[in-house]
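Please open the structure in your viewer and keep the selection panel at hand.

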Amino acid sequence: MTGKPLTKGLGGRKYAVDGWDMGRMLKFIQQEAEQKTQEIKIKANEDYRLKVSELAVTSTQKINKMREEEMHRIQMDKTIAVGKLRAKACLSIAKQKEHTINRILNSAAEKCKNSLLTEKLVKETVEKYRYIFPKKEMIIHIQEKNKTIVKNLLKGENYRIEPLNEDMLGGIVIRDEERTVLVNNSYLERLRCAGEKVQPIIQKIIFTKLSNNK
C-alpha cells in the first residue's frame with residue numbers, strides 16, 4: 001500500500017504531499033544548488049582572473065622598474081667610462097704638448113750656448129743699469145768668449161768683469177757690489193720669458209694642425 005507522504009502545514013496539521021509535487025521540489029532544489037554552484041564557480045573564476053591580473057600588473061611594474069634601474073646603471077657606467085677615457089686622452093695630450101714644447105725650448109737652449117753676445121744686448125743691459133746708478137761701478141758677468149766685445153763697447157766705463165755661471169747659457173748679467181740691483185739679460189732668463197710668451201703660439205700652431213689632420 002502506498003500513500004502520499006505527510007508534512008505539516010502552517011497550522012501544524014499534517015497533510016499529504018503529492019509525489020509529483022515532491023519531485024518538482026527536489027528538481028527545484030537541485031536547480032538552485034546547481035545555479036549557486038555555477039555562481040560560486042563564476043565568482044571564483046573572476047576572483048582568480050582578477051588576482052592573476054593584479055599579479056601580472058605587479059610583475060610588469062617590477063620588471064619595468066628593474067629594467068629602468070638597469071638602464072640607468074648602464075648609462076652611469078657608460079658616462080663614467082667615457083669620462084675616464086676623456087681624462088686619459090686629455091692627460092696624454094697634455095704630456096705630449098709639454099714634451100714637444102720642452103724639446104723646442106731645449107733645442108733653443110743648445111743654440112744659445114753657442115751664440116756670441118751681441119752689441120745690442122750689451123748696450124741695452126748697460127742702459128738699464130745706468131738708469132739706476134749713473135756712476136756706480138758695474139760688476140758684469142759674461143762668458144770668457146764675450147770679453148772682447150764688452151771691453152770694446154765699455155771703454156771709459158767703471159766696471160769689472162766676472163765669469164758667468166754656465167747654467168745661464170750665455171748673455172750678460174750686471175749687478176752692483178751690494179747686489180741690491182740685478183739686471184739679468186742671461187740667455188736662460190730671456191729664454192724663460194720667451195717661453196712663456198710663445199708657448200700658447202706653439203700649442204696653437206702645432207696641436208691645431210695635429211687635430212685637423214685626424
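The tour begins with the basis of the model and then moves from strand to strand.

This is a predicted model, in which local features need pLDDT of at least 70 and side-chain atom pairs count only at pLDDT 80 or more, while totals for chains, interfaces and linings use all residues. Residues are numbered from 1 along each chain as its sequence is written, and side-chain values use heavy atoms, with hydrogens and water left out.

Select the sheet: four strands form an open, mixed arrangement in the order β4-β3-β5-β6, where strands (E, at least two residues) and helices (H or I, at least four) are DSSP runs numbered from the N terminus, and two strands pair if DSSP finds at least two bridges between them. At the edges stand β4 (159-163) and β6 (182-186), each with a single partner strand, so one side of each has no neighbour in the sheet.

Next select β3, residues 138-142, which pairs with β4 in the parallel sense over five bridges; here Ile139 has Arg160 as its bridge partner in β4, and Ile142 has Pro163. Towards β5 the pairing is antiparallel, with three bridges, and the partner of Ile139 in that strand is Arg175.

Now colour β3 by accessibility: Met138, Ile140 and Ile142 on one side, and Ile139 and His141 on the other, are all buried (under 20% relative accessible area, with exposed over 50% and partly exposed in between, using a 1.4 Å probe and protein chains only). Finally, follow the chain from β3 through helix α3 (residues 147-153) to β4, a right-handed β-α-β crossover, meaning that, with the strands pointing away from the viewer, the path from the first strand over the helix to the second runs clockwise.
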